[in-house]
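Let's take a walk through this protein together, beginning with the overall fold and ending with a few individual side chains. Have a look at the structure first, and then read on.

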Amino acid sequence: MQHLTGLCGMSAGTLSELLDKTEGFKKELTAPAPSFSPSLQGRRIALVFFENSTRTRFSFELAARNLGASTLGFSASTSSVTKGETLSDTIKNLEAMQVDAFVLRHSASGSAEFISAITQKPVINAGDGSNEHPTQALLDMFTLREHFGKLQGIKVAIIGDVLHSRVARSNIHGLLTMGAEVGLCSPVTLLPPDSEKLGVSLFTDLDRALGWADAALVLRLQLERATGGYLPSLQEYSVHYGLTDERLERTARHLLVLHPGPINREIEISNRVADRIQPPGYSKSMLLEQVTNGVAVRMAVLQTLLADTP
């Protein structure tokens, strides 16, 4: 694996190797006194983020430092991009500075794949438009595997704005490859037009989706959709698709709840559901566990792409 631009087409064997490596890093990361081998000592990783980020950017930075690598921060608003420099020229100039790898987030779908074709350095997709977000899906899959002990056969309902979600796309590819069942639940206006060809179950009724699922992956509702003709109103969306205790009690299913963050509280998920780490209740929130797992996943990815390359 030279790059990680997406999970589409990745084999179950490669996914398993990454998840197994993540498990080892997670054990060390949560130990009382973590001590990591500086396997990436001397490597320089450019964090090229053209969009804002908290969890993804900081977890990549922590992951790199845990492995002994240094990071170079990049902000589009203070770079030569404001003077008209192209993405490819930005990458080529950073490569000329002897950067060893690129972690790229960009608003254009396909940007990570495009950059991987013009550089010999590893490219890691940290989210490209509405295309893919592979490390987020890997940490979601690891969170599920750690809880259930497997991915094969579990049922995961992905709820919300699937149409515009790179997180949903990567999770669909990865979960189906690993033998999980995936259901999509959203208003018809927020389902991809090719949904029926994806090999997933489709729901427009949230109660039915929750009754089917073992775990719920709630997507952030991109608030601009409410004024873009996709939804009548945020209030109506929340009434029909917001994950609340009342809905969970109605279905009487004990669900694991995931969310990639940031969350819109009391819109796609209630405060009580988002914050419930321990019972009682019909759900268990894994939101903060996902953040911890994100550091371990990104350590596994960096180690895989960089540790054995010249």
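**From the whole fold to single residues**

The protein has 11 helices and 10 strands, where helices (H or I, at least four residues) and strands (E, at least two) are DSSP runs numbered from the N terminus. Its radius of gyration is 19 Å, close to the 19 Å that the globule rule gives for 310 residues, so the protein is as compact as a globular protein of that length. Here the radius is taken over C-alpha atoms, and the rule is 2.2 Å times the number of residues to the power 0.38. The C-alpha trace spans about 60 × 45 × 35 Å along its principal axes.

A word on the ground rules: this is a predicted model, in which local features need pLDDT of at least 70 and side-chain atom pairs count only at pLDDT 80 or more, while totals for chains, interfaces and linings use all residues. Residues are numbered from 1 along each chain as its sequence is written, and side-chain values use heavy atoms, with hydrogens and water left out.

How much of the protein is buried? Of the 310 residues, 52% are buried; buried means under 20% relative accessible area, exposed over 50%, and partly exposed in between (1.4 Å probe, protein chains only). Among contacts with a separation of 6 or more, 74% come from residues 24 or more positions apart, a contact being heavy atoms within 4.5 Å.

Now to the aromatic rings. A search of the whole structure finds three aromatic pairs. Rings of Phe, Tyr and Trp (its six-membered ring) pair if their centres lie within 6.5 Å; planes under 30 degrees apart count as stacked, over 60 as edge-to-face and the rest as tilted. One of these pairs joins phenylalanine 50 and phenylalanine 74, tilted at 45° between the planes and 5.2 Å centre to centre. This pair links distant parts of the chain, 24 residues apart: phenylalanine 50 sits in the loop between β1 (44–49) and α2 (55–66), and phenylalanine 74 in strand β2 (residues 70–75). Phenylalanine 50 counts as partly exposed at 21% relative accessibility, whereas phenylalanine 74 is buried at 11%.

Finally, please find leucine 198, in the loop between β6 (181–185) and β7 (201–203). Leucine 198 is partly exposed, with a relative accessible area of 26%. Which residues does it contact, leaving aside its neighbours within four places in sequence? They are Ile172, Leu176 and Leu184.
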